[in-house]
There are 2 protein chains.
Amino acid sequence: MVKIRAIPRREFDRVEKSHLNESQKLRLIADMCRYNALNAVKKAGSGHLGTSFSVMDILVYLYFSKMNIRRLGLEHPDRDIYLPSKGHDVPAQYAVLSALGFIPPEKLFKLRKLGGLDGHPDVRVQGIEMNSGSLGMGVSKAKGFAWAKSRGGRGGRVYVLTGDGELQEGQIYEALQTAVHQRLNNIQVIIDHNMVQSDKPVDKIIDLGDLKKKLESFGFYVDECDGHDFVKIKAALERCDAVSDKPKILIANTVKGKGVSFMEHPQALKEGCGTYRWHAGAPDDESFVKASEEIQSRLNSMFASAKLSPLRIELVEDFLKKPSGVTSERIVEAYGKALLDAGKRRKDLVVLDADLACDCQIRQFELEFPDRFIENGIAEQDVVSMAGGLALSGFLPVVNSFSTFLAARANEQIYANATEKTKIIYVCHLAGLIPAGPGRSHQGVRDISLFQALPNMLIFEPCNSAEAKMVLDYCVDVAQESCMIRLVISPSPRLIELSSDYVFSFGRGAVLRDGRDAVIFSYGPVMLHEALTASELLEKEDVSLKVVNMPWLNRIDLDWFTGVVDVCSHIFSLDNHMVSGGLGDFLLDSANKAGLLRDKCFVKLGLEDYPECGMPQEVLRHHGLDGASLASKIKEILPSKC
Amino acid sequence: MVKIRAIPRREFDRVEKSHLNESQKLRLIADMCRYNALNAVKKAGSGHLGTSFSVMDILVYLYFSKMNIRRLGLEHPDRDIYLPSKGHDVPAQYAVLSALGFIPPEKLFKLRKLGGLDGHPDVRVQGIEMNSGSLGMGVSKAKGFAWAKSRGGRGGRVYVLTGDGELQEGQIYEALQTAVHQRLNNIQVIIDHNMVQSDKPVDKIIDLGDLKKKLESFGFYVDECDGHDFVKIKAALERCDAVSDKPKILIANTVKGKGVSFMEHPQALKEGCGTYRWHAGAPDDESFVKASEEIQSRLNSMFASAKLSPLRIELVEDFLKKPSGVTSERIVEAYGKALLDAGKRRKDLVVLDADLACDCQIRQFELEFPDRFIENGIAEQDVVSMAGGLALSGFLPVVNSFSTFLAARANEQIYANATEKTKIIYVCHLAGLIPAGPGRSHQGVRDISLFQALPNMLIFEPCNSAEAKMVLDYCVDVAQESCMIRLVISPSPRLIELSSDYVFSFGRGAVLRDGRDAVIFSYGPVMLHEALTASELLEKEDVSLKVVNMPWLNRIDLDWFTGVVDVCSHIFSLDNHMVSGGLGDFLLDSANKAGLLRDKCFVKLGLEDYPECGMPQEVLRHHGLDGASLASKIKEILPSKC
């Protein structure tokens, strides 16, 4: 049990109205925002603190001292625009927006909850001007705003904040080049140069070289400052303001984790033996308390020495992390182990990463086979085409990234590789609706559709750890074609049991629970759990629902399919994906080919709208995809003829 | 009638064995290759001469003097690798590979024909090491080859040739950054710096600034030379060879169209009033003869002054461009006009281009509304995100590029925009199988699948000029959601006639030809023509096939659908797209929802494999999608029950 606390808005007002000078005020406000962001992330259960803390002073300076938003409001055409390009620092932005009254205080503590604040920036939240979470888009978006301002005769500047790891994305350089050519001089880029990306230093992942020289070579005015010194931030932005004939970049040198000693780079990196622990995820209770106390005690002494009456912090709630009711199985871990095994037997296997080695569980491979591991940074297009070159040279590349980034961002590169008829394995991590906390930039619910029209591409999702190994082994050792494997990143909500005699074979799945009224096909642990739950609930109402695990998402053995469907009058598909372009479309097509639709109904279930942000069960329920909703939907449909 | 001629391989041998010095030999060989490339492109009916000519001297130097391929052959692991990143200069590469005997002489004149040489590089052609045609991937691919060489202990260098306009693609900068970090020092990039992209100078589209400084800032060794002077090319590459601690770039300053006076930049640009005419497409007969004669006469005098016996050129064939049997209707022209009209009535409409203004027929808009036209160069990710910023600022952006580049390359950016719930119109040009000459990098046959899982996206393809206007007007004035319009770029194979009372309305199409045995749904002029042809052929065999134009590719009025299907026992869908993820999947789903599959058969027709390169009819036939193949397929299926 820990206490979640908040510094209320009136305390910010009190600081603002105090006798302190601007820098002193901003220093207090920034730490007060750090305190609120820390508490919000702890309650949310996840979020990015390291980068929220490094960017906080810049944000506080912009919102409290620099931009005209407080004066003009959020709708005025002449308002300054702030664009969060890196996006995962949004807890900082929320804390600032809440301190300013743009976000109501109760909302701050609904971070990553349904109907609360999205895990990554979304325009439906007051004060957020663009959606982000996928890196590299901010400067391009800024160009649109800047064009609208300059050509539409509107006032205000366009501020866009990027990370430094983010500068590995090629889109950044497209945008720099075009912004200069198009003379969008009202753009002010600020780089939160905290030197650490996901969990390693930028110069260990992909070094940026002489950053200032590089950015200047694109024609920008480039300045630099200490990103934690308000006087220097102010002066640097004023130097930028004085330049009117080109767009501007300010490199703000910051410290990742700034404000909590044990989260600060480089100390934190040293303590983590080279990896930075505080990039993502909520801190454990002990660290949370330590961090809270550190900020609070610094605030108290600053208040005291400024001769302000003591800071009043309010209790939000006594917080006990609920047992999540999930298993300890993580399919992605099984994948990591299977990959290691595959690496041992196949010397031609090369693993490629796009700065998500830890999340994708391929760090073990990196440590074991450093000479067959390629860290390519946040550059998905490049990593995919590089894999193409490796495959043409006789290697077997296994490319890893999150589903949304890999399937969508590098889609044309994947196509180009596929037309070369080499074999490449693409692993789309963080696939599906859950976890729903990070929000729609991270929920991979279109990846099947993005791979489906490649004729020589097999698409899979395993339901448990054993099947993860079977799928990977099949892809490595048996498949002739390229493969896409989608993997859930969260712990499995239940262990999906496969019978001991289950053999992974072409186009076939496995019956998990028998039934005779209807049959539901799904895949992966998340939706199979819901399907099984639905089946269990329906059993109590005398409806017998067969549940089938179908790890093959675009190949099927029609005889097996026909046999499995058997006497069931209704066939359901349940996609952990948009209902369009997923397994459902493929099975409907297969049922049509197998002549099953003459006397059986086929109903596709899956996401009908963009995935919501929130806790797993509330989000599943919102989309009507939790076991109970599925059960009632199926019960309603069953009597019907189609 | 013109004569297609070729310089046979023995003439190249004769030059090579002559007493001339290296430069003199290469100069002759390069012009001989230019001659062959010109003739091959003329016979093909399309191809990129300007860039083939600018790059020719570099290619000849690499293949004849520099690389070890002739010695080691095309399979040797230690061979030098040549990667054609820009790709559309492949007629030059084919001419050189043919001069060296790697490509048989008869194949050179099957350029862009079925079973011949692909319109853009494809690894199934001897001597081609990577597929390209979509820009910006070459350096990344080179990284894969270079890694395989350096880590696999293989010899040889990796040469990759890029354009200069191509340096607007962000993937290039991803690759430069990672190549340096990964110490892939065996990469030698050569930039064919001919200063002109599609049809305008690079510095008018998106200026590259101080290119050398920019590239150096990424950590490469950068050198520069005259790309038409063999002595200088040689010396520059030797300077690069001497650098072993970083990868290398050679900026080769070249002249677009080099070797044919009236095609040479800058003269050609001046004659074209600012646009360059010789980028793509075969020259007309008169220009072809003039160009041939110019090269031939220069060769003759060089042979004479070198005291070589006269050059023997062989006749390949008397060539008369066959009337293509197509109409003069170009739907894309109608789109261009409709866009201009829309621009007149909607002051918030902004048109964005990615260096294809001429092909996309939006130049007229540019001339009329220069202040609402944004030229963004070859930077698809950036242009899409910029459109996102414009939409968030209250403008209505219309983004234009070729289907493959826009739908695939910028897919994640499109998703991010779509989640913001603004309205943007994406126009995917050069959609579908035809023209098949450019090859699979340019055939947009996955775009529907790439847009389909976006819930707030309407997808259309119009069948004729009138409908093109209706679709655009609907998107501009009526639609609440974002829209994707796919457009055929070629002249329509027949005029698709819509009745005078046709009203474009939500989810409805139009019956083009009545029938009672079966009904086929298709869209766009290419496949509707084939469907109509099939219907006409079947009529002779007493099979009555109804043909329906369905411009709505992901929305349908189920009542209308049911009514149109009527008594037909069989429903066919015909996609100008991969059979997976196109209209067929959507209609099958709709038929299922409408309960039509209880007593009707549904058969999806479309591309089952990657699109072939060649002439329209041979390619349609190859895929079984020409009218005759369709008719016999349908006739075969019809008696069956399903």
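Okay, ground rules first. What we have is a predicted model, where local features need pLDDT of at least 70 and side-chain atom pairs count only at pLDDT 80 or more, while totals for chains, interfaces and linings use all residues. Residues are numbered from 1 along each chain as its sequence is written, chains are lettered from A and ligands numbered from 1 in the order in which they are written, and side-chain values use heavy atoms, with hydrogens and water left out.

Let's start with the sheet. In chain A, six strands make an open sheet, running E9-E8-E10-E11-E13-E12, with parallel pairing. Strands here are DSSP runs of E of at least two residues, helices are runs of H or I of at least four, and both are numbered from the N terminus. Two strands pair if DSSP finds at least two bridges between them. At the edges sit E9 (373-375) and E12 (457-460) of chain A, each pairing on one side only. On average, neighbouring strands are turned by 20° against each other, direction ignored; the axes behind that angle are lines fitted to C-alpha atoms, for helices over the stretch in contact, and angles run from 0 to 180 degrees between N-to-C directions. For one pair in detail, take E8 (residues 349-353) and E10 (residues 396-402) of chain A, which are parallel over five bridges. There, Asp353(A) has Asn400(A) in E10(A) as its bridge partner.

On to charges. Over all chains there are 102 salt bridges, meaning a side-chain nitrogen of Lys or Arg within 4 Å of a carboxyl oxygen of Asp or Glu. One of them joins Glu481(A) and Arg555(A) at 3.4 Å, N to O. That pair links distant parts of the chain, 74 residues apart, with Glu481(A) in the loop between H20 (465-478) and E13 (482-486) and Arg555(A) in the loop between E16 (545-549) and H22 (558-565) of chain A. Glu481(A) is partly exposed at 25% relative accessible area, whereas Arg555(A) counts as buried at 18%. For the cut-offs, buried is under 20%, exposed is over 50%, and partly exposed is in between, with a 1.4 Å probe and protein chains only.

Over in chain B, Arg486(B) and Glu461(B) meet at 2.7 Å, N to O, and both are buried.

Cys483(B) is in no disulfide either, with the sulfur of Cys475(B) 3.4 Å away as the nearest. Cys483(B) counts as buried, at 0%.

Key
A disulfide is a pair of cysteine sulfur atoms within 2.5 Å.
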